[in-house]
Amino acid sequence: MDFRLSEDQLMFKKMFADFCTKEIRPRGEHIDQAEEPPVELLQKAVDQGFWAALVPEELEGCGLDTYTYMLMLEELGRADLSTALILSVHNSLVVKPLLEHGTEEQREKYLEALAFGEMLGAFALTEAGAGSDAAALSMEAQRNGEGYVLNGTKIWVTNGAQAGLILVFARAPEGITAFLVEAETPGLTVGYREKTLGLRGAACNTLYFEQVAVPVGNRLGEEGQGLKIALQALDLSRLGMAALALGAAERSLEEAVKFSMEHIQFSVPIAQKQIIQNYIADAKAQIEALRCLVTHTAWLADTGQEFSQEASITKLFGARAATQVADRMLQVHGGYGYMKEYAIERYYRDCRALEIAEGTNQIQQFLIAKDIYQAEGLDIRP
Amino acid sequence: MKIIVPIKQILDPSGVTVRRDKERIFINKEAYILEAGSKAAIEAALQVRDVDGGEHEIVAVSLGEPRADDALREALAMGCDEAYLLTDEAFQDADISVTTAVLAAAIEKLGGADLVIAGQASADTGSGQVGARLAEALGYACVTAVYELAQEAGGLQATRRWGTGYARVQVSLPAVVTVAPEAFPPRYAHGARIMDAYRKWEVTIWDASDLELGTGALQPLLSFRRESFPAPLEVGEKFQGDPAEVARDVVTALRIQNLIA
Amino acid sequence: MDFSFPKEYQLFRRMVREFVENEVKPLAMVIDREHRVPHETIKKAAALGLMGVPFPAKYGGMGGGEMGYCILMEELGKVDSSTGTVIGAHIGIGAMAIYLDGTEEQKQKFLVPLAQGTAIAAFGLTEAQAGSDAAAIKTTAVRDGDDFVLNGAKVFITNGDIADIITVMAVTDPALGAYGGITAFIVETDSPGFSIGSLENKMGIRGSSTAECVFQDVRVPKENVLGQFGAGFLTFMKTLDIGRASLGAATLGGAEAAMEASIQWARAREQFGVPIATKQSVHFMIADMAVEIEALRSLIYRTAWLIDTGQPHILEASACKLFGSEVAHRCIDRAMQIHGALGYSRDHFIELGWRDQRISEIYEGTNEIQRIVIAANLFRPYGLRIPT
Ligand SMILES: Cc1cc2nc3c(=O)[nH]c(=O)nc-3n(C[C@H](O)[C@H](O)[C@H](O)COP(=O)(O)OP(=O)(O)OC[C@H]3O[C@@H](n4cnc5c(N)ncnc54)[C@H](O)[C@@H]3O)c2cc1C
Ligand SMILES: Cc1cc2nc3c(=O)[nH]c(=O)nc-3n(C[C@H](O)[C@H](O)[C@H](O)COP(=O)(O)OP(=O)(O)OC[C@H]3O[C@@H](n4cnc5c(N)ncnc54)[C@H](O)[C@@H]3O)c2cc1C
């Protein structure tokens, strides 16, 4: 067992960390208050490979293994969670499924645009009646001559309004099917922008599909394989969410350590108070435990092993750890933690989404338990 | 002017579930409240005083169980000056005729009123007869379903429902007026008056003998046989098709029913 | 032992509930969005005596005592914490200090208009370097003839910019420290030299203002010394002791609203073909809310009774604030979870409740300070001093 990073990994980590610290981090407060995706910043990130993290080197991408990709997401999470979510959706939920399930033509057609900043990706699964129960989705994909016609409404689509390419899940004659839909396709319109508690720089929109014609060549995988594709993509993405959680928790801790050393009460820095020390210690313990989970799960993925259950475990633990750490670290700030000038205020709001998006805590619990019982031959239902 | 307001306490409908499918009424939470029509009547009386700031005496009377004490104290909290609770075992089975007789006796005992203001119909039994019967029993003028009320020389001017519109009428005093609840949204009681209503002020209790009511007057005309659910409302008409045409058809249908002009 | 509320309090609660439902709730999300104090509501509340609920009638109050005040705060807590904070800072700490330690003349002059709601109060303790360590304040008051001259700056003062009267704690003798060297003053905010610095941009309770109050040679007549000269620290701590019970009541309301919303949503929302309420993950969360709420309610109203009957209450009031804020935190957090993405949206009041709630673990003494207060009370009988 060797936990050290390889030369390559170290180099990437440093490169990502540099950009995140210099470019993204100072803009966090502004991104939150402006409530707009940081378009320019994202474009700048293209040159650093953030859009091409998973694209193979042969195609001029970074060709990161899962673990190094997690290092990238961790750095992003530490710098700004909104920006981190935008890029995580793009890479984990669009680029990755395209790489895994795309045909030669599909990769030819879209990979370059996705990797080099022309097209941002979005993932449209959730509907009004289908949140936790994704299989209940009702968007229709009717066969029509050479292709399909999509009708229905998707909600809470991160990057929905900015994306060039949207991975959409709809019900075709043979079952739930994945489609690559270009944003410019007639009949596709962008609707309501959610006003969220946190992650305000990552825009979630409603998308309306009215008679949207999609050529058969834009079907990802076979008809009826959509749910499998979605769940597989979510495995990686959930692990990625945990990496964001890790970065966010580290940042929260960092902010609190700094504050507690500078802030004096009862004639000493509050860091001298035992309860503050305990909060800090507990946060660090949670962070290191989470890091091990992320590392281990990434290793499973990189060595070609099954990691679905571990991805759920890591996401469940990570989301909880991040919200708990952010909460305690806010408390360390006293009244200042409630003020928007302090990064912890934003992190506290941002982290809360991690317990809901991409499968709520309760759904992760279910998935983990299901796996455990399945191994014993018992099928459990949600 | 002396204004007497008969008020009523009812079972709080928010604690009641009506299950038509089971033909039963479930009382989930038994709580009693001052009925909305009565509150509107109190409000109307208080507004008469507010308008001219005159020395009007506003008296609340309620026929009911001893617990109606709470309704009367709420009336005091809202702004009434005095409160009388008319309660007696002999009033238990009161129908409308007995209710009217008891209320009329109480008003007589109070020396009569210049103006009696009541709710149009109570939220529970809802017969809408008390006002008119009281006027008859007392020999007062009567206006029902009043939306606006103003004093004028020699009496009152009242605006009341009239077919699909309104009519402005003049009445001489003494009079009984019943008010439409939606026209007199009640005020909130002042917090200090709420405290005083229980800590400082009294509710006077009168029974049958105080009112000198003999058994004859207390003999209900109605007797109770059984209760049942009314027939379900007929499902309305359904209009379908082109929105513009549908709109036209709906308007025509409403006109035919005389629901709109 | 009779656990029922006296009848006047039952009727009072009903009135307050109607008032907050009709007048406060519809504005909750509006004032959050617009970042403004709901002056119109405050006026209406004043007209009903709600700005002086606990104080006796002879001082313009409603005569509702701590119990009435807790009822008000609980009902406000159900619909809007911003309005609750504005009224709470006014009654519970601002005016309360004058009620507890003011002279008869001070009460007639200042408490009467405050209780009637024609004037608004604020409570000026915290400074940039003196939060939890209240005794570390730097604002000074120097005697000059018949006046005291105040210099310094207070931060995080709720109502600071809308107040007519602010009670202020200032150092009168640095050599004597907290006990003896700090005096409380009643300052009228139209005094020359008083000004507002910055206003805070907060995560929640955005319908209440949090202001920096600057004192530059502000002259305060000696008649405005509140309580014993040199005993201002005690006056302020005593005020906070009482304030904590009502703050707990506000958190109770918040927790109850979170539970009620969760029940309604869990019935209505279907996933996997059934209402999510049928899932143990969901209804266990709601059951836990109910248990904590029951415990909190008992604690709050028992403490109100201790206060109203003049019994010792410091530990219990601290417990109200500490337990209440943590129960409310758990309840609103579970409510958000039960609402899924909807709860994360600013279109839903759960999101507002979640942001608003968080302050209750911080202000009027952080929860860490409450634990210190409670522990200090437990060890004091043994002669063991718990350091802060
Ligand atoms: C910031 C953000 C970004 C998002 N981005 C995207 C995106 O890019 N693309 C996309 O498709 N979606 C996105 N979503 C939607 C997200 O995936 C859903 O919100 C999530 O799956 C939960 O669904 P729901 O909100 O409908 O909650 P529900 O499914 O209605 O859940 C409500 C509550 O019931 C619980 N529950 C539900 N079923 C069960 C059960 N069987 N057993 C126990 N408990 C249960 C849940 O855990 C939760 O507590 C995003 C959401 C957020 C908040
Ligand atoms: C919205 C808002 C409204 C407010 N309104 C008012 C008001 O109207 N009037 C007023 O005077 N003040 C007001 N305050 C100030 C509030 O009471 C203080 O913020 C609070 O007392 C904490 O002080 P602080 O912010 O300086 O934090 P600090 O005291 O610096 O605390 C920082 C952290 O250290 C911890 N800590 C401090 N000392 C110790 C110790 N000895 N042992 C262990 N842990 C310790 C705290 O618990 C906290 O976690 C308000 C604050 C806010 C945010």
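## Close-up views of chain contacts and ligand sites

**View 1. Arrangement of the three chains in the predicted model.** Chain A and chain B do not touch, their nearest C-alpha atoms being 21 Å apart; contact here means heavy atoms within 4.5 Å. Two pairs of chains are in contact, and chains A and C share the most contacts. This is a predicted model, in which local features need pLDDT of at least 70 and side-chain atom pairs count only at pLDDT 80 or more, while totals for chains, interfaces and linings use all residues. Residues are numbered from 1 along each chain as its sequence is written, chains are lettered from A and ligands numbered from 1 in the order in which they are written, and side-chain values use heavy atoms, with hydrogens and water left out. Over all chains the count comes to 68 salt bridges, a salt bridge being a side-chain nitrogen of Lys or Arg within 4 Å of a carboxyl oxygen of Asp or Glu.

**View 2. The interface of chain C and chain A.** Here 45 residues of chain C are in contact with 50 residues of chain A. About 4100 Å² is buried between chain C and chain A, and carbon and sulfur atoms give 53% of this area. Buried area is the accessible area (1.4 Å probe) that two parts lose on being put together, summed over both. There are 37 residue pairs in polar contact between chain C and chain A (both at pLDDT 80 or more). A polar contact is a pair of N or O atoms within 3.5 Å; within protein, one must be able to donate a hydrogen and the other to accept it, and residues adjacent in sequence count only if both atoms are side-chain atoms. On the side of chain C that touches chain A, the elements giving two or more residues are α8 (280-308), α9 (314-339), α10 and α11 of chain C. Helices (H or I, at least four residues) and strands (E, at least two) are DSSP runs, numbered from the N terminus. By class, this side of chain C has 15 nonpolar, 15 polar and 15 charged residues. Ala, Val, Leu, Ile, Met, Phe, Trp, Tyr, Cys and Pro count as nonpolar, Asp, Glu, Lys and Arg as charged, and the others, Gly among them, as polar.

**View 3. Salt bridges between chain C and chain A.** Six salt bridges cross the interface of chain C and chain A. A:Arg352 and C:Asp333 form a salt bridge through their side chains (2.7 Å, N to O). C:Glu361 and A:Arg328 also meet in a salt bridge (3.9 Å, N to O). C:Glu361 lies in the loop between α10 (349-357) and α11 of chain C and A:Arg328 in helix α9 of chain A, so this pair joins two chains.

**View 4. The interface of chain C and chain B.** The contact takes 17 residues from chain C and 14 residues from chain B. About 1400 Å² is buried between chain C and chain B, 62% of it from carbon and sulfur atoms. In chain C, the residues that lose the most area to chain B are C:Lys7, C:Glu8 and C:Leu11, together 37% of what that side buries. Four salt bridges are counted between chain C and chain B. C:Glu8 forms a salt bridge with B:Arg199, with the closest N and O atoms 3.1 Å apart. Helix α1 (residues 7-34) of chain C gives the largest share of the side of chain C that touches chain B, 11 residues.

**View 5. The site of ligand 1.** Ligand 1 lies between chains A and C. Of the 26 residues around ligand 1, A:Thr126, A:Ser132, A:Thr360, C:Arg269 and C:Gln337 come nearest; a residue is near a molecule if one of its heavy atoms lies within 4 Å of it. An oxygen atom of ligand 1 is 2.6 Å from an N or O atom in the side chain of A:Thr360, and an oxygen atom of ligand 1 is 2.6 Å from an N or O atom in the side chain of C:Arg269. The protein covers 94% of the 970 Å² of accessible area that ligand 1 has on its own; accessible areas come from the Shrake-Rupley method with a 1.4 Å probe, and for residues only the protein chains shown count as cover. With three residues, β3(A) gives the most to the shell around ligand 1.

**View 6. The site of ligand 2.** Residues from chains A and C surround ligand 2, so the site is shared between chains. A backbone N or O atom of A:Gln331 lies 2.5 Å from an oxygen atom of ligand 2. A polar backbone atom of C:Phe123 is 2.8 Å from a nitrogen atom of ligand 2. Taken alone, ligand 2 exposes 960 Å², and the protein buries 96% of that.
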